[in-house]
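Please look over the side-chain contacts in this model with me. My notes follow as numbered points.

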Amino acid sequence: MKIFTFAILFLSTLFTFAQSDFDKIQLVLFFQKKPVSAKKEFDKMITKNPTKYEKSPEALFYDLAIAYTLSQDEKEKANYPLTFDDMLKKLNTYIEADDTLKFMKSVGFTQPLYDVYQHYSADGRKSYDEQKWEDVETNFRKSLEYSTIMFKNGLTPLPRTAYDTLAYIFIAYSCQNQKKYEEAFMTMKKLIDDNYDNESELKNMFNFILVYTADKLDRTEFIKYISIAEKKLPNDDWDAYKFDYIYKTKSDDIKYVDELYNELSNKNKLDEKSLLQFYEFFINAKDKNPNLTNEELNAYKKKAFDCLQLAFNKNPNNLLTIYSLGGYNKTQLDELDSKFYENVRKMREINSNPITEKDPAKKKKLTDNRKAETEPIQNENKQLNDQIIAQAKVCIDWFEKSLSLVQKMDTKDRQAKAIERNSCNFLAELCEKLRDKYRGVDDKLFNDYDAKFNTYDKLFETLK
């Protein structure tokens with residue numbers, strides 16, 4: 001029984017030492033810490049049978065481990081120098097042969113891999129200081145290659161962000177400086193999506209991302225990151241980026257414009273300038289969005305007017321606001337005129353077909369039918385006529401205000417001169433309209449508006 005047990009123990013020990021040709025080298029190198037002796041053993045083994053070990057992952061590992069350990073030994077490194085390029089070549093050759101890093105992990109020998117990562121990171125920082133942007137990107141992308149190998153194989157207890165975050169930041173800025181904007185965007189996007197939380201860096205990233213997505217007219221990404229920016233940095237003002245976006249989209253995204261208007265209105269953050277900007281968006285909604293329904297267009301026109309009126313309330317001396325209010329009301333007047341003259345056309349068309357029936361009974365029936373057809377149109381035009389007169393007076397009030405403001409100016413720029421000419425022209429047109437409305441109806445008002453018409457008409461001739 002004792003002989004049998006001894007035999008088992010002997011065979012077990014023999015099997016353990018026979019597991020690898022490199023067990024002795026491992027013992028000498030890592031446990032006895034004699035790298036010179038380990039090299040001698042290694043060289044002897046390789047020389048004896050070079051074909052056997054030429055592509056052996058274990059041989060490639062020990063070739064790297066011995067060379068690296070000698071280069072780090074204070075007594076021996078002068079005799080066994082190892083350049084970075086040589087170490088990199090040995091490391092890459094080993095990794096290619098052993099993609100799971102089985103032998104590196106078995107003895108916990110990760111320093112060469114970490115050194116390569118550190119080397120590229122250091123070179124990347126140096127290149128950044130020298131503003132060599134292409135080198136910055138190249139070096140940090142290399143550093144990411146090796147950190148990926150470390151994490152894939154579980155060779156570091158630190159979180160991945162401890163290695164990779166800084167690399168991504170440098171890559172993002174280097175790509176931005178190289179005008180490789182899509183790569184910069186994708187890198188910053190990754191950092192933000194991974195919950196990077198440095199406030200000062202986040203501000204820079206959001207600044208780039210929001211401008212870039214607005215330039216690309218990318219509603220999905222813009223909305224996503226403006227929302228994240230407001231949550232992560234709630235004390236910063238992001239409204240300027242929203243205005244930048246809606247200007248670059250030329251208000252094609254009118255529903256987002258509307259959402260922004262309502263948002264700022266609810267926050268009481270609509271100043272005079274923003275109100276005038278929103279006016280331009282809403283008043284041009286039809287041009288930019290031909291598929292809008294009449295109901296939607298009317299709602300946007302109403303909002304456009306609200307914007308102008310609110311802007312005027314904030315500053316009753318803004319020439320452009322006053323002139324725009326005149327223009328808005330003139331548009332409303334033109335619509336009333338259009339309806340009025342459409343009814344006149346209908347009446348003419350109906351009356352162009354006179355009743356020629358001789359039979360009294362039949363003629364009366366036809367006359368009654370004609371009256372039933374024309375009377376609603378006549379009644380509508382009476383109402384429209386009253387609305388036109390009232391609307392024309394509103395327009396005159398605004399254009400007189402704008403003309404008065406221009407005439408008080410010591411110097412007039414090109415815009416002011418254009419407003420002066422247009423206001424004067426509109427006033428002549430409006431006074432002529434009201435003069436004709438009061439012809440034979442109210443002599444005093446006829447004369448008043450005739451005098452105003454002549455005044456503005458003559459003044460307009462001098463301003464041409």
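1. Is Asp-194 buried, partly exposed or exposed? Asp-194 is partly exposed, at 44% relative accessible area (buried is under 20%, exposed over 50%, partly exposed in between; 1.4 Å probe, protein chains only). Its salt-bridge partner is Lys-190, with the closest N and O atoms 3.0 Å apart (a side-chain nitrogen of Lys or Arg within 4 Å of a carboxyl oxygen of Asp or Glu). Lys-190 is partly exposed, at 34%.

2. The model is predicted: local features need pLDDT of at least 70, side-chain atom pairs count only at pLDDT 80 or more, and totals for chains, interfaces and linings use all residues. Numbering runs from 1 along each chain as its sequence is written, and side-chain values use heavy atoms, without hydrogens and water.

3. Lys-242 has a salt bridge to Asp-239 at 3.8 Å, N to O. Both residues are buried. They lie three residues apart in helix H14 (residues 239–248) (helices are DSSP runs of H or I, at least four residues, numbered from the N terminus).

4. Lys-242 also meets Glu-263 in a salt bridge, at 2.6 Å, N to O. Glu-263 lies in helix H15 (residues 254–266), so the pair ties together parts 21 residues apart in sequence. A network of salt bridges with shared partners includes Lys-242, Glu-263 and Lys-267.

5. There are 40 aromatic pairs (ring centres of Phe, Tyr or Trp, its six-membered ring, within 6.5 Å; planes under 30 degrees apart are stacked, over 60 edge-to-face, the rest tilted). Tyr-438 and Tyr-449 are stacked because their centres are 6.0 Å apart and their planes at 10 degrees. Both are buried.

Definitions and conventions
Helices (H or I, at least four residues) and strands (E, at least two) are DSSP runs, numbered from the N terminus.
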